[in-house]
Amino acid sequence: MDNNTGANDDSRPRKVYDEDQMDVEIPQTAHQISKDSWFQAGFVLTTGINSAYVLGYSGTIMVPLGWIFGIVGLIIATAISLYANTLIAKLHEFGGRRHIRYRDLAGYIYGRKAYSLTWALQYVNLFMINTGYIILAGSALKAVYVLFRDDHIMKLPYFIAIAGFVCALFAICIPHLSALRFWLGLSTFFSLVYIIIAFVLSLQDGIKAPARDYSIPGTATSKIFTTIGAAANLVFAFNTGMLPEIQATVRKPVVDNMLKALYFQFTAGVLPMYAVTFVGYWAYGSSTSSYLLNNVTGAVWVKAMANIAAFLQTVIALHIFASPMYEYLDTKFGIKGSALSARNLSFRITVRGGYLAINTLVAALLPFLGDFMSLTGAISTFPLTFILANHMYLVAKKTKLTSLQKLWHWLNVCFFGCMSIAAAIAALRLIAVDSKTYHVFADL
């Protein structure tokens, strides 16, 4: 709908909010910026979209929606997510300066209150994503254990604790987002391992299996709530909630390079996710679980390799989504210079280790993976990626948009606002239902 690129339209330095509002002090970053190619940024984005979460989409998206609405929903979610992310990317240099954090951009456009609110939403979003990643990593480790020793001695909370410890070690060793260069290649390799194995084993099972039941399970009331929850999972699948932070690492021209990275993410990057999601649902129908590797049959060593790859990729992916918190803490406490200096190393051990210890505790307490996806999509991914993106673009470009374009953005704001409220209610209901079924530190 919009013809403005937004890259250099507003070169004069100005703030959009009223002058009587309090200025937001924007700190410099202790992390590396403007060093990475668009291709590396594209792999960062693709790492997130093809993380081990993709092994759950057959069960958490396709089962509640069915074939028609599942396929159409994924395609629409892809298109609207690309559109919303391009809006944010085009505002990266708004006002003649780079906005390297999501909250910096919101604060520049709206003022201090929006700065704080955006930071709170983003913190919740990333904290819950990281918690979900630790649950995923622990579940993958448990799946390996069960393949060889199904004696119920080791419970899921134990594996979650192990996963949290490994994630903390990785966080201590990798100082900032740009330092993931080599690890992004490994992440892509691990993603291909578990996606290809899940795809092939599901395909084999589907060919050999009798006719499957593809009806949407549940009562009429529960179908409504699960459908809304699946819509939240759709937007969760495609969005990071930290696009400006990733764009900050990109070399100039930052807007053009980030758009290339986004086009890569939403074309080549989504194909593996589509493939494993659709084949998994085709093979198992409405009985597809929220972790596809629990459904597949095949050689034990093959399934073990897929689960180990899922665990290792999750450790790398978590570091991406935790990096805004690491950047905030490193900048606040002036952690610069050599990553191996005694002060910097001890800081990362204490602070990052403590942060991930909290994540791990929450993950072990409430290991309901589908609930995390739904609630995260509802209370933070919807507002950050769709509501805020459209409204920020509307405010920033209001003198350059036609009446039709303004109406389009307002429709987006209102529609996704309603979706966010409905999805939050559905996710809370899901948590309440699961709380009756499972206890804290449950061994799922």
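Trp-183 comes out as partly exposed, at 30% relative accessibility. Keep in mind that this is a predicted model. The partner to look at is Phe-182: the two rings make an edge-to-face aromatic pair, 5.5 Å from centre to centre, with 70° between the planes. Phe-182 itself has 57% relative accessibility, so Phe-182 counts as exposed.

That pair belongs to a longer list. How many aromatic pairs does the structure hold? The count is 28. One of them is formed by Tyr-83 and Trp-408, with ring centres 6.1 Å apart and planes at 65°, so this pair is edge-to-face. Tyr-83 sits in helix H2 and Trp-408 in helix H14, which covers residues 403–437; the pair therefore links distant parts of the chain, 325 residues apart. Trp-408 is partly exposed, with a relative accessible area of 30%. There is also one aromatic cluster made up of Trp-119, Tyr-123, Phe-127, Tyr-326, Tyr-328 and Tyr-355.

Stay with helix H14 for a moment. Asn-412 is placed in that helix. Is Asn-412 buried or exposed? Its relative accessible area is 10%, so Asn-412 is buried. Between Asn-412 and Ala-84 there are 9.8 Å in space, C-alpha to C-alpha, although the two are 328 residues apart in sequence.

The largest nonpolar core has 112 residues, and the members that touch the most others are Leu-55, Leu-74, Tyr-194 and Phe-238. Helix H11, residues 300–332, supplies the largest share of this core, with 15 residues. Another core, of 9 residues, lies apart from it; Ala-84, Ala-378, Phe-382 and Phe-416 are among its members. Going back to Tyr-194, and leaving out residues up to four places away in sequence, its contacts are Asn-50, Ser-51, Ala-52, Val-54, Leu-55, Ala-306, Ala-309, Ala-310 and Gln-313.

The surface has a nonpolar feature too. Ile-68, Phe-69, Val-72 and Ile-76 form a nonpolar patch there, with about 430 Å² of accessible area together. Ile-68 lies in helix H2, which spans residues 57–90. Ile-68 counts as exposed because its relative accessibility is 63%, and the cut-off for exposed is over 50%.

Now the charged residues. Side chains of opposite charge can pair when their charged atoms come close. The count here is 5 salt bridges. One joins Arg-149 and Asp-151, where the closest N and O atoms are 2.5 Å apart. Arg-149 is partly exposed at 48% relative accessibility, and Asp-151 is also partly exposed, at 27%.

Asp-104 and Arg-101 have their closest N and O atoms 2.7 Å apart. For Glu-327 and Arg-101, that distance is 2.8 Å. Glu-327 lies in helix H11, while Arg-101 is in the loop between H2 and helix H3 (102–110), so this pair ties together parts 226 residues apart in sequence. Each of the three is buried: Arg-101 has 2% relative accessibility, Asp-104 has 3% and Glu-327 has 9%.

The last item is a backbone detail. Lys-252 and Pro-253 are joined by a cis peptide bond, with omega at about -5°. Pro-253 is in the loop between helix H8 (243–247) and helix H9 (254–265).

Terms used. Residues are numbered from 1 along each chain as its sequence is written. This is a predicted model: local features need pLDDT of at least 70, side-chain atom pairs count only at pLDDT 80 or more; totals for chains, interfaces and linings use all residues. Side-chain values use heavy atoms; hydrogens and water are left out. Patches are made of residues with over 30% relative accessible area and no salt bridge: like charges are joined within 9 Å, nonpolar side chains (Val, Leu, Ile, Met, Phe, Trp, Tyr) within 5 Å. Accessible areas come from the Shrake-Rupley method with a 1.4 Å probe; for residues, only the protein chains shown count as cover. A salt bridge is a side-chain nitrogen of Lys or Arg within 4 Å of a carboxyl oxygen of Asp or Glu. Helices (H or I, at least four residues) and strands (E, at least two) are DSSP runs, numbered from the N terminus. Buried means under 20% relative accessible area, exposed over 50%, partly exposed in between (1.4 Å probe, protein chains only). A nonpolar core is a set of buried Ala, Val, Leu, Ile, Met, Phe, Trp, Tyr and Cys residues joined through side-chain atoms within 4.5 Å. Contact means heavy atoms within 4.5 Å. Rings of Phe, Tyr and Trp (its six-membered ring) pair if their centres lie within 6.5 Å; planes under 30 degrees apart count as stacked, over 60 as edge-to-face and the rest as tilted.
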